[in-house]
Amino acid sequence: MNESSTDELNDEVIEENDLDLSEITDESEDSINDESEDYTTEESNFELRGKLAKKMNIKLAGKAREQKTEKDVFDKNKVLEAVFDKSTVMILSRMINNGIISYVNGAVGAGKESQMYWGVDPSGQDLAVKIYLVTTSNFKKRYPYLIGDPRFTRIKRGTRSLVELWAKKEFRNLSKSFNCEIPCPEPITVVKNILLMKFVGTNGVPSPTLVESEVNYADYEKSIEIISDLYQKAELVHADLSEYNIFKTENGPVVFDFGSAVDIRHPKTKEFLERDISNITRFFVKRGLTVDNPIDVFKRVTK
């Protein structure tokens, strides 16, 4: 993923990476324009999502029938949930119609701010579809990771704007890290509150995290190397690093969840870096390993 494929991130909308939404006109989108103003209650919104899902599935099934079985198309029972608003549903539909995704399977991970799904692209490559929840208020706690980062000079208020900015921020951080050859999921694109990455795992099963794995000193060394390379090469601090967001793969640790990562010019860079190092140190010590003093690690990383 080339860094030039993204705009400088501020409060403006990022380019949608060859996903031309302005030219998409289909029955589902027309239905939104005609009906959305009439649905104001929670019950009505749920009913509308059901209608959209039905129309979407009919359209997608017809388009994919020559190549896919019935279970291979976009399955509303697996993907569409009450937490997803109609805008998110339509973005997923457009991604499928534009050939970015062929179909989306069930959830493979969930958090307070996002849910992760296993998707497949037209070439058969597995994708991680990360959907940030526009219905959550947890993003209000994320301002400290935005305010002070020189890449974000103007931050719009409002949950939806903040959620979309957070998705773009993670995409930007992933792109920079990947280009610096730091082991992380390869970013594909971001549109509004949906981030696509290459899937780290096999057949829809994510690789185990460090906390789920047997670990050794080589895993510790690689984790510290990731922290150092992030700082020195990508000029980023993860700011939320722990044993829960590092995969252990056959090729070694792979770090993910880059939404909190900040530019090293952020005023709290040292505080975040110290916390990342302390978290990793504490985990490996609990697993019975003798590791370096975190103070010494901090000095090496920042020298």
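Is Ser177 buried or exposed, and what is its relative accessible area? Ser177 is buried, with a relative accessible area of 0%; buried means under 20% relative accessible area, exposed over 50%, and partly exposed in between, with a 1.4 Å probe and protein chains only.

This is a predicted model, in which local features need pLDDT of at least 70 and side-chain atom pairs count only at pLDDT 80 or more, while totals for chains, interfaces and linings use all residues. Residues are numbered from 1 along each chain as its sequence is written, and side-chain values use heavy atoms, with hydrogens and water left out.

Ser177 belongs to helix α5, residues 159-179. Helices (H or I, at least four residues) and strands (E, at least two) are DSSP runs, numbered from the N terminus. Leaving aside residues up to four places away in sequence, Ser177 touches Ile182, Cys184, Leu230, Ala234, Leu236 and Phe258; contact means heavy atoms within 4.5 Å.

Of the 21 residues of α5, 15 are buried, so the helix is largely enclosed by the rest of the structure. From its first C-alpha to its last, α5 reaches 30 Å, close to the 30 Å expected at 1.5 Å a residue. The expected span is 1.5 Å times one less than the number of residues. After α5 comes Glu181, which has a positive phi near 60°.

Lys233 lies in the loop between α6 and β8 (236-237). With 51% relative accessibility, Lys233 counts as exposed. Lys233 touches Cys180 and Ser228, again not counting residues up to four places away in sequence. Lys233 and Cys180 are 53 residues apart in sequence, and their C-alpha atoms are 6.3 Å apart in space.

**Aromatic rings**

A search of the whole structure finds four aromatic pairs. Rings of Phe, Tyr and Trp (its six-membered ring) pair if their centres lie within 6.5 Å; planes under 30 degrees apart count as stacked, over 60 as edge-to-face and the rest as tilted.

Tyr220 is buried at 1% relative accessibility, Phe284 is buried at 0%, and Phe283 is buried at 5%. One aromatic cluster is formed by Tyr217, Tyr220, Phe283 and Phe284.

Elsewhere, Lys169 lies over the face of Trp166, 4.8 Å from the ring centre. A charge sits over a ring if NZ of Lys or CZ of Arg is within 6 Å of the ring centre and within 35 degrees of the ring normal.

Strand β4 (residues 187-191) has four of its five residues buried, so the strand is largely enclosed by the rest of the structure. β4 pairs with strand β5 (residues 194-198) in the antiparallel sense over four bridges; two strands pair if DSSP finds at least two bridges between them. Val191 stands opposite Ile194 in β5. The two strands form a hairpin with two residues between them, and Lys192 in the turn has a positive phi of about 55°.
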